[in-house]
Amino acid sequence: MKCPYCGFQDSKVVDSRHSEDGLSIRRRRECQACQKRFTTYETVESLPIVVIKRDNSRQAFDRNKVLNGMLRACEKRPVALAELEAAADEIEQVIQNTLDREVSTTRIGELVMERLKPLDEVAYVRFASVYRQFKDINSFMRELNKILEEK
């Protein structure tokens with residue numbers, strides 16, 4: 001790491017600590033030439049993720065849209081906001097961990113349904129009815145029967 005004071009290329013790490021959010025590491029460094037100390041932060045580089053919509057248009061991934069969809073499905077249901085935020089974080093992490101920089105709305109919807117099902121079955125069915133675009137009561141009943149068979 002280049003010293004901000006003298007420009008020397010070599011420094012040693014004196015102290016390392018995790019940040020409060022756990023997403024970065026704070027490092028105290030000491031320049032090998034001038035012995036001045038400075039602080040650096042190390043974070044994971046996250047590349048932008050592009051969402052491919054059903055009409056093949058593309059837009060940047062927005063975690064808030066995922067969270068808002070789950071909030072709508074859980075409206076008037078006994079699901080804590082913290083649980084939904086944790087699920088949104090998990091979904092974002094799964095997407096970030098894939099090697100692909102593009103993800104379809106289909107994949108995002110499946111990830112949401114995987115997280116909603118154990119939280120609240122009614123919210124799961126609500127989300128599935130919009131996401132899968134149920135055309136009639138029979139398609140709705142097939143989804144309900146799948147849930148009943150799994151129990």
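Which helices are among what covers the buried residues of α5? They include α3 and α4. Here, contact means heavy atoms within 4.5 Å, and buried means under 20% relative accessible area, exposed over 50%, partly exposed in between (1.4 Å probe, protein chains only).

## About the model

This is a predicted model: local features need pLDDT of at least 70, side-chain atom pairs count only at pLDDT 80 or more, and totals for chains, interfaces and linings use all residues. Residues are numbered from 1 along each chain as its sequence is written, and side-chain values use heavy atoms, with hydrogens and water left out.

## Helix α5

Helix α5 covers residues 137-150. Helices are DSSP runs (H or I, at least four residues), numbered from the N terminus. At 1.5 Å a residue, its 14 residues should span 20 Å. The expected span is 1.5 Å times one less than the number of residues. The end C-alpha atoms of α5 are 20 Å apart, which agrees.

Ser139, Glu143 and Ile147 are the buried residues of α5. They cover an arc of only 90 degrees around the axis, so they sit on the same side of α5. The arc is that of the directions from the helix axis to the C-beta atoms. On the other side of α5, Ile137, Arg142, Leu148 and Glu149 are exposed.

## Helix α1

In α1, the buried residues are Arg63, Val66, Leu67, Gly69, Met70 and Ala73. Their arc around the axis is only 160 degrees, which puts them on the same side of α1. Their cover includes α2, α3 and α4.

Asp62 caps the N-terminal end of α1. One of its side-chain oxygens lies 3.0 Å from the backbone nitrogen of Asn64.

## The nonpolar core

A nonpolar core is a set of buried Ala, Val, Leu, Ile, Met, Phe, Trp, Tyr and Cys residues joined through side-chain atoms within 4.5 Å. The largest one has 27 residues. Met70, Ile95, Ile108, Val112 and Leu116 touch the most other members. Helices α1 (63-73), α2 (81-97), α3 (105-119) and α4 (121-131) each supply at least two residues. The most come from α4, with 6 residues.

Take Met70. Leaving aside neighbours within four places in sequence, Met70 is in contact with Leu84, Ala87, Ala88, Ile91, Val112 and Leu116.

## A buried aspartate

Asp120 is in the loop between α3 and α4. Asp120 counts as buried because its relative accessibility is 7%. A polar atom of the Asp120 side chain lies 3.1 Å from the backbone nitrogen of Val122. Beyond its neighbours within four places in sequence, Asp120 is in contact with Arg77, Pro78 and Val79.

Methods. A polar contact is a pair of N or O atoms within 3.5 Å; within protein, one must be able to donate a hydrogen and the other to accept it, and residues adjacent in sequence count only if both atoms are side-chain atoms.
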